[in-house]
Amino acid sequence: MALADQAWSTLDCASTVETGYGAQEGARRGPHSPKRGRPSYHPLLCRERKRGLVVPSPLRPGDPGSATGAVAFLRQGVARLPHRRRRTVLIRADRGFAVEALYARCERRGWP
């Protein structure tokens, strides 16, 4: 089966850390920075696998955890999918997204 013919959409989600240098607005020291003690950003990233659709991501400061705001962020990602593709969504994410609120939302929708 061709990827475009599948009945579901797959959202690949992750977070990353970008270390700041100097005095960038909104950067904060966080536990995730590869360079301890430096201010950083910790954006969430999401891409739809078939079309390459990228969900707009706010540039978050470096101190929140990956799961902070993840449910709202993924809701935004699903809303950008074509209507027929919203029926079944497979969300692939790292353990930073492992929060009960996200699991509950996926279970209510019947999403794996």
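Student: In what sense do strand 2 and strand 4 pair, and over how many bridges?
Tutor: This is a predicted model, and in it strand 2 and strand 4, the latter covering residues 39-41, pair in the antiparallel sense over two bridges. Within that pairing, Thr 19 has Ser 40 of strand 4 as its bridge partner.

Student: What sheet do they belong to, and in what order do the strands come?
Tutor: An open sheet of three strands, ordered 2-4-3, with antiparallel pairing. Strand 2 (18-19) and strand 3 (28-29) are the edge strands, each pairing on one side only.

Student: Back up a bit. How many helices and strands are there in the protein?
Tutor: Two helices and six strands. Read from the N terminus, the elements go β-β-β-β-β-α-β-α.

Student: Now strand 1. In which sense does strand 1 pair with strand 5, and in which with strand 6?
Tutor: With strand 5 the pairing is antiparallel, over five bridges. With strand 6 the pairing is parallel, also over five bridges.

Student: Which residues stand opposite each other there?
Tutor: On the strand 6 side, Asp 12 stands opposite Arg 92. On the strand 5 side, Leu 11 is opposite Glu 48, and Ala 14 has Leu 45 as its bridge partner.

Student: Which side chains of strand 5 are buried?
Tutor: Leu 44, Cys 46 and Glu 48, which point to one face.

Student: What is in the largest nonpolar core?
Tutor: The core has 17 residues, and those with the most contacts inside it are Leu 11, Cys 13, Cys 46, Leu 74, Val 89, Ile 91 and Phe 97. At least two residues each come from strand 1 (9-15), strand 5 (44-48), helix 1 (70-79), strand 6 (89-93) and helix 2 (100-109). Helix 1 gives the most, with five residues. As a general point, nonpolar side chains in soluble globular proteins tend to be buried together.

Student: Take Leu 11 from that list. What is Leu 11 in contact with, leaving aside neighbours within four places in sequence?
Tutor: Its contacts include Cys 46, Arg 47 and Glu 48, along with Val 89, Leu 90, Ile 91 and Arg 92. Gly 77, Val 78 and Leu 81 complete the set.

Student: Changing topic: what is the volume of the largest pocket, and what lines it?
Tutor: The volume is about 170 Å³. The lining consists of Ile 91, Ala 93, Asp 94, Phe 97, Ala 98, Leu 102, Tyr 103, Cys 106, Trp 111 and Pro 112. Strand 6 and helix 2 are the elements that give two or more residues to this lining, and helix 2 gives the most, with three.

Note on methods. Residues are numbered from 1 along each chain as its sequence is written. This is a predicted model: local features need pLDDT of at least 70, side-chain atom pairs count only at pLDDT 80 or more; totals for chains, interfaces and linings use all residues. Side-chain values use heavy atoms; hydrogens and water are left out. A nonpolar core is a set of buried Ala, Val, Leu, Ile, Met, Phe, Trp, Tyr and Cys residues joined through side-chain atoms within 4.5 Å. Buried means under 20% relative accessible area, exposed over 50%, partly exposed in between (1.4 Å probe, protein chains only). Helices (H or I, at least four residues) and strands (E, at least two) are DSSP runs, numbered from the N terminus. Contact means heavy atoms within 4.5 Å. Two strands pair if DSSP finds at least two bridges between them. On a 1 Å grid over the protein atoms alone, a cavity is a set of points where a 1.4 Å probe fits but cannot get out, and a pocket is an open set with protein on both sides within 12 Å along at least five of seven lines; lining residues have an atom within 4 Å of a point. Grid points are joined across faces, edges and corners, and a volume is the space filled by probe spheres set on the points.
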